[in-house]
Amino acid sequence: MKALVYKGARSVAVEEVPDARVQEPTDAVVRLTTSNICGSDLHMYEGRTSVEEGKVLGHENMGIVEEVGPGVTFVKVGDRVSVPFNIACGSCRNCTTGWSSFCTRTNPTEGMDGAAYGYANMGPYDGGQAELLRVPHADFNLLQLPKGTEHENDFTMLSDIFPTGWHGVVLSGMQPGDRVAVFGGGPVGLMAAHSAFLQGASEVYVVDKAPDRLRLAESIGAVGVDFSAGDPVEQILERTGGHGVDRGVEAVGFQAHDAYGEEHPELTLDNLVNVVRTTGGIGVVGVYVPQDPGLDEPAKADRVGWQYGTFFTKGQSMGTGQAPVKRYNRQLRDLIITGRATPSFIVSHEVPLEQAPDAYEKFDERVEGWTKVLLKPAS
Ligand SMILES: NC(=O)c1ccc[n+]([C@@H]2O[C@H](COP(=O)([O-])OP(=O)(O)OC[C@H]3O[C@@H](n4cnc5c(N)ncnc54)[C@H](O)[C@@H]3O)[C@@H](O)[C@H]2O)c1
Ligand SMILES: [Zn+2]
Ligand SMILES: [Zn+2]
(Lines give C-alpha, C1' and ligand atoms only; values in the text may rest on other atoms or scores of the structure.)
(Ligands and ions follow the chains in the order given, each with its own letter.)
Protein backbone atom coordinates (compact mmCIF):
# COMPACT_ATOMS: atom_id res chain seq x y z
CA MET A 1 0.00 0.00 0.00
CA LYS A 2 1.01 3.65 -0.34
CA ALA A 3 1.82 5.57 2.84
CA LEU A 4 3.37 8.86 3.97
CA VAL A 5 6.65 8.00 5.69
CA TYR A 6 8.79 10.16 8.01
CA LYS A 7 12.32 10.39 6.58
CA GLY A 8 13.95 12.92 8.94
CA ALA A 9 13.54 16.61 9.79
CA ARG A 10 11.41 18.39 7.15
CA SER A 11 11.40 15.30 4.97
CA VAL A 12 8.42 13.03 4.31
CA ALA A 13 7.72 10.84 1.27
CA VAL A 14 4.92 8.72 -0.14
CA GLU A 15 6.29 5.19 -0.44
CA GLU A 16 5.16 1.62 -1.00
CA VAL A 17 5.06 -0.19 2.40
CA PRO A 18 3.62 -3.58 3.48
CA ASP A 19 -0.19 -3.55 3.76
CA ALA A 20 -1.64 -2.93 7.22
CA ARG A 21 -3.20 -6.22 8.35
CA VAL A 22 -4.97 -7.90 11.24
CA GLN A 23 -2.29 -8.95 13.78
CA GLU A 24 -4.40 -9.63 16.88
CA PRO A 25 -7.89 -11.19 17.03
CA THR A 26 -9.37 -7.88 18.25
CA ASP A 27 -7.90 -5.81 15.37
CA ALA A 28 -9.71 -4.30 12.41
CA VAL A 29 -8.23 -2.87 9.24
CA VAL A 30 -9.73 0.35 7.92
CA ARG A 31 -9.46 1.65 4.35
CA LEU A 32 -8.94 5.38 4.76
CA THR A 33 -11.30 7.80 3.06
CA THR A 34 -9.91 10.87 4.85
CA SER A 35 -6.78 11.40 6.98
CA ASN A 36 -5.88 14.91 8.15
CA ILE A 37 -2.57 16.60 8.70
CA CYS A 38 -2.41 17.96 12.27
CA GLY A 39 -0.37 20.65 14.01
CA SER A 40 0.92 17.78 16.17
CA ASP A 41 2.45 16.24 13.03
CA LEU A 42 4.44 19.43 12.57
CA HIS A 43 6.34 18.94 15.86
CA MET A 44 7.60 15.67 14.29
CA TYR A 45 8.04 17.15 10.82
CA GLU A 46 10.26 19.90 12.21
CA GLY A 47 12.48 17.35 13.96
CA ARG A 48 11.34 18.40 17.44
CA THR A 49 10.48 14.87 18.63
CA SER A 50 12.21 11.51 18.80
CA VAL A 51 9.99 9.90 16.15
CA GLU A 52 11.88 7.23 14.26
CA GLU A 53 12.55 7.35 10.53
CA GLY A 54 10.27 5.03 8.60
CA LYS A 55 7.20 5.70 10.75
CA VAL A 56 3.96 6.10 8.81
CA LEU A 57 2.38 9.33 10.11
CA GLY A 58 -1.30 10.17 10.54
CA HIS A 59 -3.51 10.01 13.64
CA GLU A 60 -6.67 11.78 12.36
CA ASN A 61 -8.31 8.92 10.51
CA MET A 62 -11.66 7.79 9.16
CA GLY A 63 -12.75 5.27 6.58
CA ILE A 64 -14.48 1.99 5.82
CA VAL A 65 -13.78 -1.25 7.67
CA GLU A 66 -12.00 -3.60 5.27
CA GLU A 67 -11.34 -6.60 7.51
CA VAL A 68 -11.93 -7.67 11.13
CA GLY A 69 -10.15 -10.20 13.34
CA PRO A 70 -12.00 -13.25 14.76
CA GLY A 71 -12.34 -11.54 18.18
CA VAL A 72 -14.18 -8.50 16.82
CA THR A 73 -17.88 -8.80 17.62
CA PHE A 74 -19.69 -5.55 16.89
CA VAL A 75 -17.72 -3.84 14.13
CA LYS A 76 -18.50 -5.26 10.67
CA VAL A 77 -16.78 -5.13 7.30
CA GLY A 78 -18.25 -2.19 5.37
CA ASP A 79 -18.94 -0.03 8.45
CA ARG A 80 -18.07 3.64 8.10
CA VAL A 81 -16.04 4.63 11.14
CA SER A 82 -14.11 7.41 12.84
CA VAL A 83 -10.87 6.29 14.49
CA PRO A 84 -10.00 8.16 17.72
CA PHE A 85 -6.31 9.11 17.73
CA ASN A 86 -5.95 7.40 21.14
CA ILE A 87 -5.33 3.65 20.99
CA ALA A 88 -6.94 2.27 24.12
CA CYS A 89 -7.60 -1.18 25.59
CA GLY A 90 -11.00 -0.31 27.07
CA SER A 91 -10.49 -2.20 30.32
CA CYS A 92 -7.59 -0.67 32.30
CA ARG A 93 -7.97 1.74 35.19
CA ASN A 94 -7.68 4.85 33.03
CA CYS A 95 -9.85 3.55 30.17
CA THR A 96 -12.68 2.55 32.53
CA THR A 97 -12.68 6.00 34.15
CA GLY A 98 -12.92 7.90 30.87
CA TRP A 99 -9.20 8.54 30.28
CA SER A 100 -8.62 6.54 27.11
CA SER A 101 -5.81 9.01 26.31
CA PHE A 102 -3.82 7.51 29.19
CA CYS A 103 -4.47 3.81 28.60
CA THR A 104 -1.98 1.94 30.77
CA ARG A 105 -1.71 -1.08 28.48
CA THR A 106 -1.39 -0.09 24.83
CA ASN A 107 1.92 1.83 24.95
CA PRO A 108 4.97 -0.34 25.63
CA THR A 109 7.25 2.75 25.89
CA GLU A 110 8.60 2.80 29.43
CA GLY A 111 7.01 5.44 31.63
CA MET A 112 4.35 6.35 29.03
CA ASP A 113 0.63 5.79 29.42
CA GLY A 114 -1.42 6.52 26.32
CA ALA A 115 -0.86 5.38 22.74
CA ALA A 116 -1.61 6.84 19.32
CA TYR A 117 -1.20 6.14 15.60
CA GLY A 118 1.89 7.39 13.83
CA TYR A 119 3.23 9.45 16.70
CA ALA A 120 6.49 9.94 18.61
CA ASN A 121 6.68 8.04 21.93
CA MET A 122 3.09 6.85 21.57
CA GLY A 123 3.84 3.21 20.80
CA PRO A 124 4.81 1.12 17.78
CA TYR A 125 1.68 1.90 15.77
CA ASP A 126 1.76 3.19 12.20
CA GLY A 127 -0.51 6.01 11.14
CA GLY A 128 -3.28 6.43 8.62
CA GLN A 129 -1.83 8.84 6.07
CA ALA A 130 -1.93 5.70 3.99
CA GLU A 131 -4.37 3.49 2.15
CA LEU A 132 -4.95 1.10 5.09
CA LEU A 133 -4.74 1.35 8.90
CA ARG A 134 -4.55 -1.34 11.57
CA VAL A 135 -6.88 -0.52 14.49
CA PRO A 136 -6.26 -2.45 17.74
CA HIS A 137 -9.20 -3.18 20.11
CA ALA A 138 -11.56 -2.28 17.29
CA ASP A 139 -14.84 -2.84 19.15
CA PHE A 140 -13.80 -0.39 21.86
CA ASN A 141 -12.04 2.22 19.75
CA LEU A 142 -14.09 2.65 16.58
CA LEU A 143 -17.01 5.08 16.39
CA GLN A 144 -19.81 4.20 13.98
CA LEU A 145 -20.84 6.81 11.43
CA PRO A 146 -23.91 6.88 9.18
CA LYS A 147 -23.21 5.04 5.93
CA GLY A 148 -22.55 7.04 2.78
CA THR A 149 -20.40 10.10 2.27
CA GLU A 150 -22.45 12.82 3.93
CA HIS A 151 -20.66 15.14 6.41
CA GLU A 152 -17.30 13.54 5.53
CA ASN A 153 -15.31 16.74 6.18
CA ASP A 154 -17.12 17.35 9.47
CA PHE A 155 -16.85 13.77 10.72
CA THR A 156 -13.13 13.75 9.97
CA MET A 157 -12.63 16.24 12.82
CA LEU A 158 -14.01 13.66 15.31
CA SER A 159 -10.77 11.64 15.44
CA ASP A 160 -8.87 14.41 17.22
CA ILE A 161 -9.25 18.15 16.98
CA PHE A 162 -12.99 18.65 17.60
CA PRO A 163 -12.90 16.51 20.78
CA THR A 164 -9.53 18.09 21.67
CA GLY A 165 -10.88 21.63 21.36
CA TRP A 166 -13.97 20.58 23.34
CA HIS A 167 -11.76 18.99 26.01
CA GLY A 168 -9.70 22.19 26.32
CA VAL A 169 -12.88 24.06 27.15
CA VAL A 170 -14.01 21.35 29.62
CA LEU A 171 -10.59 21.41 31.33
CA SER A 172 -10.93 25.17 31.75
CA GLY A 173 -14.09 24.57 33.83
CA MET A 174 -16.18 26.78 31.58
CA GLN A 175 -19.78 27.49 32.63
CA PRO A 176 -22.53 28.91 30.38
CA GLY A 177 -22.18 32.68 30.16
CA ASP A 178 -18.42 32.68 30.74
CA ARG A 179 -15.99 34.70 28.66
CA VAL A 180 -13.22 32.59 27.16
CA ALA A 181 -9.82 33.40 25.65
CA VAL A 182 -8.28 30.83 23.31
CA PHE A 183 -4.57 31.17 22.58
CA GLY A 184 -3.77 29.75 19.15
CA GLY A 185 -6.04 30.12 16.12
CA GLY A 186 -4.85 26.95 14.42
CA PRO A 187 -7.27 24.07 13.86
CA VAL A 188 -7.30 23.12 17.56
CA GLY A 189 -7.83 26.70 18.76
CA LEU A 190 -10.63 27.20 16.22
CA MET A 191 -12.29 23.95 17.39
CA ALA A 192 -11.97 25.19 20.99
CA ALA A 193 -13.69 28.44 20.01
CA HIS A 194 -16.48 26.52 18.17
CA SER A 195 -16.85 24.26 21.24
CA ALA A 196 -16.92 27.18 23.68
CA PHE A 197 -19.88 28.69 21.81
CA LEU A 198 -21.65 25.29 21.72
CA GLN A 199 -21.11 25.01 25.49
CA GLY A 200 -22.64 28.45 26.08
CA ALA A 201 -19.79 30.97 26.20
CA SER A 202 -20.97 34.58 26.13
CA GLU A 203 -17.84 35.83 24.40
CA VAL A 204 -14.79 34.15 22.87
CA TYR A 205 -11.43 35.75 22.04
CA VAL A 206 -9.03 33.94 19.71
CA VAL A 207 -5.39 35.06 19.82
CA ASP A 208 -3.08 34.45 16.84
CA LYS A 209 -1.15 36.51 14.34
CA ALA A 210 -2.14 34.79 11.09
CA PRO A 211 -4.77 37.04 9.43
CA ASP A 212 -6.55 34.14 7.71
CA ARG A 213 -6.92 32.25 10.99
CA LEU A 214 -8.18 35.34 12.81
CA ARG A 215 -10.73 35.85 10.02
CA LEU A 216 -11.95 32.27 10.43
CA ALA A 217 -12.35 32.85 14.18
CA GLU A 218 -14.39 35.95 13.42
CA SER A 219 -16.53 34.01 10.93
CA ILE A 220 -17.98 32.00 13.85
CA GLY A 221 -18.54 35.05 16.04
CA ALA A 222 -15.30 35.13 18.05
CA VAL A 223 -13.20 38.26 18.51
CA GLY A 224 -9.83 37.95 16.77
CA VAL A 225 -6.85 39.31 18.73
CA ASP A 226 -3.65 39.85 16.73
CA PHE A 227 -0.66 39.39 19.03
CA SER A 228 1.66 40.97 16.48
CA ALA A 229 -0.27 44.23 16.89
CA GLY A 230 0.39 44.49 20.65
CA ASP A 231 0.29 42.58 23.94
CA PRO A 232 -2.75 40.26 23.65
CA VAL A 233 -3.39 40.41 27.41
CA GLU A 234 -3.66 44.20 27.32
CA GLN A 235 -5.88 44.03 24.24
CA ILE A 236 -8.32 41.66 25.98
CA LEU A 237 -8.22 43.55 29.30
CA GLU A 238 -9.07 46.74 27.43
CA ARG A 239 -12.03 45.12 25.66
CA THR A 240 -13.37 43.65 28.94
CA GLY A 241 -13.16 46.80 31.06
CA GLY A 242 -10.09 45.41 32.88
CA HIS A 243 -11.90 42.22 34.02
CA GLY A 244 -10.20 39.77 31.71
CA VAL A 245 -11.83 36.44 30.99
CA ASP A 246 -13.28 33.67 33.14
CA ARG A 247 -11.59 30.81 31.28
CA GLY A 248 -8.65 30.26 28.98
CA VAL A 249 -7.58 27.56 26.55
CA GLU A 250 -3.97 26.98 25.48
CA ALA A 251 -3.92 25.65 21.89
CA VAL A 252 -0.37 26.47 20.83
CA GLY A 253 2.05 24.35 22.87
CA PHE A 254 5.81 24.39 23.47
CA GLN A 255 6.60 26.05 20.16
CA ALA A 256 4.73 29.25 21.12
CA HIS A 257 6.55 32.22 19.68
CA ASP A 258 6.54 36.00 19.90
CA ALA A 259 5.60 38.45 17.15
CA TYR A 260 9.13 38.11 15.68
CA GLY A 261 8.97 34.31 15.52
CA GLU A 262 11.27 33.64 18.47
CA GLU A 263 10.12 30.67 20.56
CA HIS A 264 9.21 31.13 24.25
CA PRO A 265 7.53 27.99 25.63
CA GLU A 266 6.19 29.90 28.65
CA LEU A 267 4.65 32.75 26.65
CA THR A 268 1.05 31.58 26.29
CA LEU A 269 0.95 30.13 29.82
CA ASP A 270 2.00 33.54 31.19
CA ASN A 271 -0.53 35.29 28.96
CA LEU A 272 -3.31 32.99 30.21
CA VAL A 273 -2.43 33.42 33.88
CA ASN A 274 -2.57 37.18 33.39
CA VAL A 275 -5.75 37.37 31.34
CA VAL A 276 -7.88 34.87 33.31
CA ARG A 277 -9.57 36.29 36.41
CA THR A 278 -8.88 35.16 39.98
CA THR A 279 -10.30 31.64 40.60
CA GLY A 280 -10.76 31.15 36.84
CA GLY A 281 -9.60 28.06 34.95
CA ILE A 282 -7.16 27.19 32.17
CA GLY A 283 -7.28 24.15 29.86
CA VAL A 284 -3.97 23.31 28.19
CA VAL A 285 -4.29 21.10 25.10
CA GLY A 286 -1.29 22.52 23.24
CA VAL A 287 1.50 19.95 23.51
CA TYR A 288 4.51 20.31 25.85
CA VAL A 289 7.31 17.74 25.82
CA PRO A 290 9.87 16.46 28.33
CA GLN A 291 12.54 16.13 25.60
CA ASP A 292 13.07 18.37 22.56
CA PRO A 293 15.80 17.19 20.16
CA GLY A 294 15.65 20.67 18.58
CA LEU A 295 17.40 22.14 21.66
CA ASP A 296 21.14 21.89 22.45
CA GLU A 297 20.07 20.13 25.68
CA PRO A 298 16.87 18.19 24.85
CA ALA A 299 15.89 17.77 28.53
CA LYS A 300 15.68 21.57 28.93
CA ALA A 301 12.23 21.35 27.36
CA ASP A 302 10.96 19.68 30.54
CA ARG A 303 11.47 22.82 32.64
CA VAL A 304 9.25 25.63 31.49
CA GLY A 305 9.55 28.66 33.79
CA TRP A 306 6.12 30.26 33.85
CA GLN A 307 4.27 32.53 36.28
CA TYR A 308 3.30 29.84 38.74
CA GLY A 309 3.46 32.38 41.60
CA THR A 310 0.79 34.54 39.99
CA PHE A 311 -1.23 31.44 39.09
CA PHE A 312 -1.19 30.38 42.76
CA THR A 313 -1.92 33.89 44.04
CA LYS A 314 -4.94 34.15 41.73
CA GLY A 315 -6.29 30.78 42.90
CA GLN A 316 -6.61 29.53 39.34
CA SER A 317 -6.88 25.93 38.22
CA MET A 318 -5.37 24.15 35.24
CA GLY A 319 -5.96 20.90 33.41
CA THR A 320 -3.64 19.46 30.77
CA GLY A 321 -2.88 16.52 28.52
CA GLN A 322 -3.91 14.54 25.48
CA ALA A 323 -7.66 14.54 24.94
CA PRO A 324 -9.70 11.38 25.66
CA VAL A 325 -11.52 11.42 22.31
CA LYS A 326 -14.02 8.67 23.22
CA ARG A 327 -15.45 10.76 26.04
CA TYR A 328 -16.89 13.21 23.51
CA ASN A 329 -16.88 11.84 19.96
CA ARG A 330 -20.33 10.17 19.99
CA GLN A 331 -22.07 13.33 21.21
CA LEU A 332 -20.11 15.54 18.81
CA ARG A 333 -21.01 13.21 15.92
CA ASP A 334 -24.67 13.73 16.76
CA LEU A 335 -24.25 17.51 16.94
CA ILE A 336 -22.86 17.28 13.39
CA ILE A 337 -25.72 15.07 12.17
CA THR A 338 -28.33 17.47 13.51
CA GLY A 339 -26.52 20.47 12.04
CA ARG A 340 -25.67 22.13 15.35
CA ALA A 341 -21.91 21.73 14.81
CA THR A 342 -19.99 22.26 11.56
CA PRO A 343 -16.29 21.77 12.31
CA SER A 344 -15.52 21.59 8.57
CA PHE A 345 -15.49 25.39 8.48
CA ILE A 346 -11.70 25.20 8.99
CA VAL A 347 -11.00 22.94 5.97
CA SER A 348 -8.80 24.73 3.44
CA HIS A 349 -7.41 21.92 1.26
CA GLU A 350 -8.37 18.41 0.14
CA VAL A 351 -5.55 16.62 -1.67
CA PRO A 352 -4.66 13.08 -2.75
CA LEU A 353 -2.04 11.22 -0.69
CA GLU A 354 0.61 11.79 -3.38
CA GLN A 355 0.51 15.52 -2.67
CA ALA A 356 1.05 15.11 1.09
CA PRO A 357 4.76 16.13 1.08
CA ASP A 358 3.93 19.45 -0.59
CA ALA A 359 0.97 19.95 1.76
CA TYR A 360 3.20 19.35 4.81
CA GLU A 361 5.58 22.04 3.58
CA LYS A 362 2.83 24.60 3.01
CA PHE A 363 1.00 23.87 6.29
CA ASP A 364 4.30 23.95 8.21
CA GLU A 365 5.14 27.37 6.80
CA ARG A 366 1.60 28.52 7.71
CA VAL A 367 1.28 29.75 4.14
CA GLU A 368 -1.72 32.08 4.02
CA GLY A 369 -4.90 30.05 3.61
CA TRP A 370 -3.42 26.65 4.59
CA THR A 371 -5.50 26.08 7.72
CA LYS A 372 -6.44 22.40 7.62
CA VAL A 373 -5.39 19.84 5.05
CA LEU A 374 -7.41 16.67 4.44
CA LEU A 375 -5.66 13.84 2.62
CA LYS A 376 -7.94 11.65 0.49
CA PRO A 377 -6.05 8.35 0.09
CA ALA A 378 -8.87 6.70 -1.83
CA SER A 379 -9.03 9.35 -4.56
N1 LIG B 1 -3.91 17.61 23.68
C2 LIG B 1 -4.26 16.99 22.57
O3 LIG B 1 -4.92 15.96 22.63
C4 LIG B 1 -3.87 17.55 21.24
C5 LIG B 1 -4.49 17.09 20.08
C6 LIG B 1 -4.20 17.71 18.86
C7 LIG B 1 -3.28 18.74 18.82
N8 LIG B 1 -2.67 19.15 19.97
C9 LIG B 1 -1.70 20.27 19.99
O10 LIG B 1 -2.42 21.50 19.90
C11 LIG B 1 -1.55 22.50 19.39
C12 LIG B 1 -2.23 23.23 18.25
O13 LIG B 1 -2.49 22.36 17.16
P14 LIG B 1 -2.93 22.95 15.74
O15 LIG B 1 -3.22 21.82 14.85
O16 LIG B 1 -3.96 23.99 15.91
O17 LIG B 1 -1.51 23.60 15.31
P18 LIG B 1 -1.03 24.85 14.49
O19 LIG B 1 0.44 24.81 14.60
O20 LIG B 1 -1.66 24.86 13.13
O21 LIG B 1 -1.60 26.12 15.27
C22 LIG B 1 -0.91 26.77 16.28
C23 LIG B 1 -1.22 28.27 16.15
O24 LIG B 1 -0.64 28.95 17.26
C25 LIG B 1 -0.25 30.22 16.82
N26 LIG B 1 0.68 30.80 17.80
C27 LIG B 1 2.02 30.65 17.89
N28 LIG B 1 2.50 31.37 18.93
C29 LIG B 1 1.42 31.97 19.51
C30 LIG B 1 1.26 32.85 20.62
N31 LIG B 1 2.33 33.27 21.34
N32 LIG B 1 0.00 33.28 20.94
C33 LIG B 1 -1.07 32.89 20.22
N34 LIG B 1 -0.97 32.06 19.13
C35 LIG B 1 0.25 31.61 18.79
C36 LIG B 1 0.33 29.96 15.44
O37 LIG B 1 0.34 31.15 14.66
C38 LIG B 1 -0.63 28.90 14.89
O39 LIG B 1 -1.68 29.47 14.13
C40 LIG B 1 -0.27 21.77 18.99
O41 LIG B 1 0.67 21.88 20.04
C42 LIG B 1 -0.73 20.34 18.85
O43 LIG B 1 0.33 19.43 19.03
C44 LIG B 1 -2.96 18.58 21.16
ZN1 LIG C 1 -4.08 15.69 15.58
ZN1 LIG D 1 -6.63 0.95 28.71
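This report describes the fold, the domains and the ligand surroundings of a predicted model.

## Basis of the model

Residue numbers start from 1 along each chain as its sequence is written, while chains are lettered from A and ligands numbered from 1 in the order in which they are written. Because the model is predicted, local features need pLDDT of at least 70 and side-chain atom pairs count only at pLDDT 80 or more, whereas totals for chains, interfaces and linings use all residues.

## Overall fold

The protein contains twelve helices and 17 strands; these are DSSP runs numbered from the N terminus, with helices (H or I) of at least four residues and strands (E) of at least two. Its radius of gyration is 20 Å, close to the 21 Å that the globule rule gives for 379 residues, so the protein is as compact as a globular protein of that length. The radius is taken over C-alpha atoms, and the rule is 2.2 Å times the number of residues to the power 0.38. The C-alpha trace spans about 60 × 50 × 40 Å along the principal axes.

Of the 379 residues, 51% count as buried, that is, with 20 or more other C-beta atoms, placed from the backbone, within 10 Å of their own.

## Two domains

The chain is divided into domain 1 (2–160 + 324–375) and domain 2 (164–320), with bounds from an automatic or database domain assignment. Their C-alpha centres lie 25 Å apart. Each domain places 23 residues in the contact between them, where two residues are in contact if their C-beta atoms, placed from the backbone, lie within 7 Å.

On the side of domain 1 that touches domain 2, H1 and helix H11 (329–337) each supply at least two residues.

## Surroundings of ligand 1

Ligand 1 is surrounded by 33 residues, each with its C-beta atom, placed from the backbone, within 6 Å of the ligand. The closest are Gly39, Ser40, Gly186, Val188 and Gly253. Both domain 1 and domain 2 contribute at least three residues to this shell.

Helix H1 (39–45), helix H5 (161–171), helix H6 (187–198), strand E11 (203–208) and helix H9 (267–275) each supply at least two residues of the shell. H1 gives the most, with four residues. By class, the shell has 16 nonpolar, 13 polar and four charged residues; Ala, Val, Leu, Ile, Met, Phe, Trp, Tyr, Cys and Pro count as nonpolar, Asp, Glu, Lys and Arg as charged, and the others, Gly among them, as polar.

How values were computed:
A residue is buried if 20 or more other C-beta atoms lie within 10 Å of its own, exposed if 12 or fewer, and partly exposed in between; C-beta atoms are placed from the backbone.
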